[in-house]
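Let's take a friendly walk through a protein, starting with the whole chain and ending with a few single residues. Have a look at the picture before reading on.

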Amino acid sequence: FLLTALAIWIESGRPVFFKQKRASIKSGKSFYFYKFRSMIKNADELKDSLICKNESDGALFKIKDDPRMTRVGRFIRKFSVDELPQLFNVLIGDMSLVGPRPLPVKDFDKVEEGEEFWAAIKDREKVKPGITGLWQVSGRSNIGFKEMVLLDLYYIENMSLLFDLEILFATIPVV
């Protein structure tokens, strides 16, 4: 934690942490989600200008070589070190280690699905969001929004301590 915070601070100053309102579903219970900052300070402001380069769909925004990323950011993302502050989210009870991935609240507005879609995925909110989940170990950046939601729903229907342990162990080689 200390080395990562120091590296971010030396390269690009404060803030060292990135916080963002996230939720499991549209209009669902939101909370502040914490990560080490891996992008330039005004990255959110530049996101709209990069929307044409989005390599994903729905509420997901992914660019392989995102120009907003810092040098330290590339390194900490490569090894998922940027995710470590989410352990604070687990400690305060907003998240668990395994569960559906929470998404930025404002990104849900970009999903062009009808009310029946949102009603069908309401179960995502039955469990706490997770640092890792079936989506992350099944393809991470190569999976679209609808596939992610289906994997989350499969996890919810089949969740157990053994399944959580299986996902946690499968996370290690992915990281």
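## The overall fold

How many helices and strands are there in the protein? This is a predicted model, and in it the protein has 8 helices and 5 strands. If you start at the N terminus and follow the chain, the elements come in the order α-β-β-α-α-α-β-β-α-β-α-α-α. The protein is as compact as a globular protein of its length, because its radius of gyration is 16 Å, close to the 16 Å that the globule rule gives for 175 residues.

Of the 175 residues in the protein, 44% are buried. Now think about which parts of the chain touch each other. Among contacts with a separation of 6 or more, 71% are between residues 24 or more positions apart.

## A closer look at Arg101

Find Arg101 in the loop between strand E3 (96-98) and strand E4 (103-104). Is Arg101 buried or exposed? Arg101 has a relative accessible area of 8%, so it counts as buried, the cut-off being under 20%.

Which residues is Arg101 in contact with, leaving aside its neighbours within four places in sequence? Among them are Arg22, Phe33, Glu83, Trp135 and Asp152. Ile131 is also one of these contacts, and its backbone oxygen lies 3.0 Å from a polar atom of the Arg101 side chain.

## Two spots in the backbone

Most residues other than glycine have a negative phi, and most peptide bonds are trans. With that in mind, look at two places in this chain.

In the loop between helix H1 (2-12) and strand E1 (17-23) you will find Pro15. A cis peptide bond joins Arg14 to Pro15, with omega at about -5°.

The other place is Ser80, in the loop between helix H3 (71-78) and helix H4 (86-91). Ser80 is not a glycine, yet its phi is positive, near 60°. Its relative accessibility is 10%, so Ser80 counts as buried.

Terms used:
Residues are numbered from 1 along each chain as its sequence is written. This is a predicted model: local features need pLDDT of at least 70, side-chain atom pairs count only at pLDDT 80 or more; totals for chains, interfaces and linings use all residues. Side-chain values use heavy atoms; hydrogens and water are left out. Helices (H or I, at least four residues) and strands (E, at least two) are DSSP runs, numbered from the N terminus. The radius of gyration is taken over C-alpha atoms; the globule rule is 2.2 Å times the number of residues to the power 0.38. Buried means under 20% relative accessible area, exposed over 50%, partly exposed in between (1.4 Å probe, protein chains only). Contact means heavy atoms within 4.5 Å. A polar contact is a pair of N or O atoms within 3.5 Å; within protein, one must be able to donate a hydrogen and the other to accept it, and residues adjacent in sequence count only if both atoms are side-chain atoms.
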